[in-house]
Amino acid sequence: MQEFISHNLADTEKIAQALLSSLAARLDSAKRGKSILALSGNLGAGKTTFVKFLAKALGLEENITSPTFVLLKAYDIDFADFKKFIHVDCYRLDAKEDLADIGLQDYVADASNLVLIEWADKINNLPQQKVLNIKIEILGETSRRFIIS
Amino acid sequence: MRVLAIESSCDETALAVISGSGSAWLLEKNAVFSQIAIHQKFGGVVPEVAARKHAETIIPLLTETLGENKLSEIDYLAVTAGPGLITSLLLGVTAAKTLAYASQKPLLPVNHMEGHIYSNWLSNEDLRKNDKIYFPSLALVVSGGHTELVLMKGHGDYQLLGTTLDDAVGEAFDKVAKILNLGYPGGPIVSKLALEGDENFYDLPRPMLNSGDYNFSFSGLKTAVLYTLEKEKNITQVAVKNMCASFQAVAVEILVKKTIKASKEFQVRSVLLAGGVAANQKLKTDLKAVCEKNNLPFFFPELKYTGDNAAMIAAAAYYKLQASSNEALVNKNIFSLSVKSNWQIFNK
């Protein structure tokens with residue numbers, strides 16, 4: 001488990017960059033084979049902001065908009081071994097769903113997809129060996145704690 | 001020409017038939033099976049439940065709409081191919097492909113948001129008869145998944161002027177409803193409570209209002225609602241109503257101001273409102289007032305066409321099929337059609 005404190009947007013951007021480069025370099029065993037980022041945090045914690053910084057660090061020029069309504073959006077990327085960035089938001093799901101039910105199974109099975117899932121606790125059968133959990137906690141108006149495990 | 005359209009992009013299964021020639025056409029049939037009651041108890045859409053319901057309802061709905069004759073008097077099929085929930089879209093697209101191939105009719109994929117724009121043609125006779133004098137038109141497309149300003153230069157000719165950079169305005173309404181524990185779908189509930197609230201009570205930020213472009217941002221506004229309420233010791237019914245009113249006023253103000261600014265810069269000859277949030281009374285009233293002030297004809301869809309329906313898909317298909325080179329798929333090419341869950345109307 002790693003913890004980072006962000007005091008402002010610049011810090012958050014650095015955390016996003018560092019996370020991706022360690023993921024790409026597979027520096028530590030904890031990040032080997034990880035292709036699913038499970039992002040959690042309350043409404044207003046800054047999930048949208050963090051995802052935007054991730055996308056920027058991935059070299060995506062397109063603007064990342066909320067996938068809440070359509071559940072997932074896919075973007076082409078060229079970052080380390082990843083060819084696609086899949087942004088999933090399970091906010092609208094209220095029951096516990098299976099991956100296949102929301103059409104996510106094929107995306108998750110392909111290791112060249114970097115899959116970021118918001119509100120991942122609403123999915124039943126994520127392959128945990130591929131999951132890296134990122135939790136954002138609100139400390140104050142602009143400060144946040146990032147817990148990566 | 002008679003067109004059958006199928007729509008299943010989210011939680012409604014719908015079929016419609018339009019027939020006619022040129023600007024003289026008629027909506028013959030329009031059937032919608034809504035799943036809102038089913039999803040209400042979950043507080044949101046459950047994709048697997050939605051898809052299963054689409055599968056159950058689509059064939060009985062087809063028999064109900066077309067009778068036993070089914071497809072014999074249909075010239076073209078049209079189907080919503082995106083954007084929307086993948087699992088839901090798949091049902092409608094698969095049904096349409098199967099029907100089109102089996103009956104040897106051409107199949108036209110239609111963009112759901114383009115359908116919403118054409119709900120204005122269903123609702124306004126003047127627009128239907130004289131649309132040439134209203135182009136170029138500016139469409140404000142607002143729904144749970146979209147917030148876009150689109151310049152429409154003619155039928156099927158679109159240019160995106162601006163879009164939300166994060167959440168759609170309908171999503172912001174839904175999330176504010178969730179923060180306030182008001183239920184699903186949140187938009188109508190927030191608007192209803194707003195009627196009894198003071199819209200000047202809370203001073204909320206107006207994100208991107210003066211950004212100089214036509215983009216929007218609603219994620220921060222939702223967060224501001226959350227933080228503002230957290231400062232209150234106990235949240236009374238009155239506070240909830242005041243927050244609904246204050247939030248709605250800010251959201252509408254941003255939409256109206258950007259729309260009018262764009263209408264001037266691009267010298268449009270009319271403004272169209274489209275999408276699920278077109279049901280919002282305050283948005284309609286405020287936009288209408290400011291359009292009148294600027295001598296701009298303003299069109300909005302009838303309430304029954306603001307939600308997802310197949311009539312609007314049939315109308316969009318009808319106009320697309322009038323074009324000299326229509327994009328309908330025939331024979332084996334029908335199978336090349338795949339679901340495009342993030343399809344934007346200005347992209348082919």
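Two strands count as paired if DSSP finds at least two bridges between them. The model shown in these views is predicted.

**Figure 1. Hairpin of strand 3 and strand 4 in chain A.** Strand 3 (72–79) of chain A and strand 4 (82–89) of chain A pair in the antiparallel sense, with six bridges. Within this pairing, Tyr75(A) is found opposite Phe85(A) of strand 4 of chain A. Two residues lie between the strands of the hairpin, and Ala80(A) there adopts a positive phi near 50°.

**Figure 2. The open sheet of chain A.** Seven strands make up this mixed sheet of chain A, in the order 1-7-6-2-5-4-3. Its edges are strand 1 (2–6) and strand 3 of chain A, each of which pairs on one side only. On average, and with direction ignored, neighbouring strands of the sheet are turned by 20° against each other. Strands of a sheet pair through backbone hydrogen bonds, in either a parallel or an antiparallel sense.

**Figure 3. Strand 2 beside strand 5, and helix 1 across the sheet, in chain A.** Four bridges link strand 2 (residues 36–40) of chain A with strand 5 (residues 113–118) of chain A, and the sense is parallel. Leu37(A) has Leu116(A) of strand 5 of chain A opposite to it. Helix 1 (residues 9–25) of chain A lies across strands that include strand 2, strand 5, strand 6 (131–138) and strand 7 (144–148) of chain A. Relative to strand 1 of chain A, helix 1 of chain A runs at about 155°.

**Figure 4. The five-stranded open sheet of chain B.** The strand order is 8-7-6-9-10, and the pairing is mixed. Strand 8 and strand 10 (298–299) of chain B form the edges, each pairing on one side only. In the antiparallel sense, strand 6 and strand 7 of chain B pair over six bridges. Leu138(B) is placed opposite Leu151(B) of strand 7 of chain B. Helix 9 (residues 237–265) of chain B packs on this sheet and touches strand 6, strand 7, strand 8 and strand 9 (270–274) of chain B. The direction of helix 9 makes about 160° with that of strand 6 of chain B.

**Figure 5. Hairpin of strand 7 and strand 8 in chain B.** Strand 7 (residues 147–154) and strand 8 (residues 157–163) of chain B run antiparallel and are joined by six bridges. Met152(B) has Tyr158(B), in strand 8 of chain B, as its bridge partner. Two residues separate the strands, and Gly156(B) takes a positive phi near 75° in this hairpin.

Figure 6. Asn181(B), although not a glycine, has a positive phi of about 60°. Most peptide bonds are trans, and most residues other than glycine have a negative phi.

**Figure 7. The interface of chain B and chain A.** In this interface, 31 residues of chain B are in contact with 29 residues of chain A. Between them the two chains bury about 2,400 Å², of which 57% is on carbon and sulfur atoms. Lys175(B), Tyr227(B) and Asn342(B) account for 18% of the area that chain B buries against chain A, more than any other three residues. Seven residue pairs, with both residues at pLDDT 80 or more, are in polar contact across the interface. On the side of chain B that touches chain A, two or more residues come from each of helix 2 (47–66), helix 3 (86–103), helix 6 (169–179) and helix 8 (219–230) of chain B. Helix 8 of chain B gives the most to this side, with five residues. Sorted by class, the side of chain B that touches chain A comprises 12 nonpolar, 11 polar and eight charged residues.

Note on methods: Residues are numbered from 1 along each chain as its sequence is written. Chains are lettered from A and ligands numbered from 1 in the order in which they are written. This is a predicted model: local features need pLDDT of at least 70, side-chain atom pairs count only at pLDDT 80 or more; totals for chains, interfaces and linings use all residues. Side-chain values use heavy atoms; hydrogens and water are left out. Contact means heavy atoms within 4.5 Å. Buried area is the accessible area (1.4 Å probe) that two parts lose on being put together, summed over both. A polar contact is a pair of N or O atoms within 3.5 Å; within protein, one must be able to donate a hydrogen and the other to accept it, and residues adjacent in sequence count only if both atoms are side-chain atoms. Ala, Val, Leu, Ile, Met, Phe, Trp, Tyr, Cys and Pro count as nonpolar, Asp, Glu, Lys and Arg as charged, and the others, Gly among them, as polar. Axes are lines fitted to C-alpha atoms, for helices over the stretch in contact, and angles run from 0 to 180 degrees between N-to-C directions.
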